[in-house]
Amino acid sequence: MTIDKSWTQIRKRSNSAVFWQGLQSFLQMAKPHVNDRGFIRCPCNRCINNAQHQLKVLETHIHRFGFMSDYNEWIYHGENVNAASSSNVSQPNSGVHDRDEMFEVLKDIISNDAEVDQLGSQSSNVQYDDLFTALNSELYPGVSSFSSLNFLVKLMHLKVMNKWTNKSFDELLKLLKLAFPKMDLVESHYEAKKLMTKMGLGYQSIHVCKNDCALFWNENSMSETCPVCSESRWKMQAGRRTGKNVPHEVLRYFPLAPRLKRLFATSKTAKLMRWHQAGKSTDDNVMRHPVDGRAWKDFDRKHPEFADDVRNVRLGLAADGFNPFNNMSISYSMWPVVLTTYNLPPWLCMKPEYLMLSLLILGPQSPGKDIDVFLRPLIEELKELWENGIDTRDAGNDIKVFKMRAALLWTVNDFPARSSLSG
């Protein structure tokens, strides 16, 4: 018997009788397959079969968020897989998800963040609702090849690659809105940044003391003056604050754990994170990767409990300063702190796409030996990853969740930077 699945591709669901009838048929088919508590996997675009709910919740979720496009064989909801594979099921290919790679991106993000308890219910993912709304929105009426989210991500990528200013980006958005009034697009760069942050592409802004004594972070986050030198947190004019609170200096911190978890969110990169176990050189006189070196082997001998799980992450840290203005007459030093993952094979671990910017220390002067103040958020996170680890979903293993730990093995720098990092 052929199951009509064409209703799952309908995007304007609110007033569609065909979608509603298809949804009711699907729920009737799934009803005999609920567990003893009345729960069953939810195939909506938000839960993507990672969470289990009662049928009434499934009905609400699928109607609100849509049916996941790559769930073609309903094996969790009563479909006979053999019958489904032998039948010629009509699957329209005009839906936005068939062409929109952002669906797979969000699927990886949600799957990685999903926390399923013993009843199978999922923690709230309300923070992703705006992303799914943009994913399910046509960029322009009648255009199904681009979702609003996909277009915005590509536009932001162009901005970064071509070094557009925020003002020029805002002007471009205004022009697009003026030329195409029905286009579903954000109004400003600020709104675009807020949406991108929900995809894990954000950072923390941490205020720094004028004299680089301390960070206004954690226990000092609410302080108005530096706990070391008592200098004001804010810039002053004639002994008084300016109209708006402006900090003397701001540190950009990019949290490490979410990005390490993302490496295990897809089966391809999860497999690559195990390369160092099978990729060792069989010739003792050949070193093509740090795994072949004495330092790695010595670390394994000293910490066998860490080495037992091949998925635990080995990191290297690089830091150096540069003048971002390409003008030596301007005295300014910007210090990026970058991490690389040595679990990956040698042809990938130094590729730009696998290097992780962790800290961005802004000038105008080099932090010098005060760099330890700026490194504090990273060090605190590394200590947590070393001592306690973090629950991580492994897409490349049947045991989906494991306790991922991380260790910083090396620093890579020139001699002036080494002097700063060594204190």
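**Figure 1. Strand β9 and its partners.** Strands β9 and β10 (residues 356–361) pair in the antiparallel sense through 5 bridges, two strands being paired if DSSP finds at least two bridges between them. Helices (H or I, at least four residues) and strands (E, at least two) are DSSP runs, numbered from the N terminus. The model is predicted: local features need pLDDT of at least 70, side-chain atom pairs count only at pLDDT 80 or more, and totals for chains, interfaces and linings use all residues. Residues are numbered from 1 along each chain as its sequence is written, and side-chain values use heavy atoms, with hydrogens and water left out. Of the 7 residues of β9, 6 are buried, where buried means under 20% relative accessible area, exposed over 50%, and partly exposed in between (1.4 Å probe, protein chains only).

Figure 2. An open sheet is formed by 7 strands in the order β4-β3-β7-β10-β9-β8-β13, with mixed pairing. Its edge strands, β4 (215–216) and β13 (406–412), each pair on one side only. Strand β8 (residues 313–319) runs parallel to β13 and is joined to it by 6 bridges; A318 stands opposite V412 in β13. Helix α13 (residues 294–302) lies across β8 and β13 and runs at about 155° to β13. Axes are lines fitted to C-alpha atoms, for helices over the stretch in contact, and angles run from 0 to 180 degrees between N-to-C directions.

**Figure 3. Nonpolar cores and the surroundings of V337.** A nonpolar core is a set of buried Ala, Val, Leu, Ile, Met, Phe, Trp, Tyr and Cys residues joined through side-chain atoms within 4.5 Å. The largest such core has 46 residues, and those with the most contacts inside it are L251, L256, L260, V313, L315, V337 and L378. Helix α15 (residues 371–387) gives the most to this core, with 7 residues. A second, separate core has 44 residues, among them I48, L173, L176 and A192. In soluble globular proteins, nonpolar side chains tend to be buried together. Beyond its neighbours within four places in sequence, V337 is in contact (heavy atoms within 4.5 Å) with residues including L317, M356, L359, I361, L375 and L378.

**Figure 4. Packing of helices α7 and α8.** The axes of helix α7 (residues 148–161) and helix α8 (residues 166–179) come within 11 Å and cross at roughly 145°. The contact involves F151, L155, M156 and K159 from α7, together with N166, F169, L172, L173 and L176 from α8. These residues comprise 7 nonpolar, 1 polar and 1 charged; Ala, Val, Leu, Ile, Met, Phe, Trp, Tyr, Cys and Pro count as nonpolar, Asp, Glu, Lys and Arg as charged, and the others, Gly among them, as polar.

**Figure 5. Two loop residues with positive phi.** K163 lies in the loop between α7 and α8. Phi of K163 is near 60°, a positive value in a residue other than glycine, and K163 is exposed, with a relative accessible area of 74%. D212 is located in the loop between β3 (204–208) and β4. Phi of D212 is likewise near 60°, but D212 is buried, with a relative accessible area of 15%.
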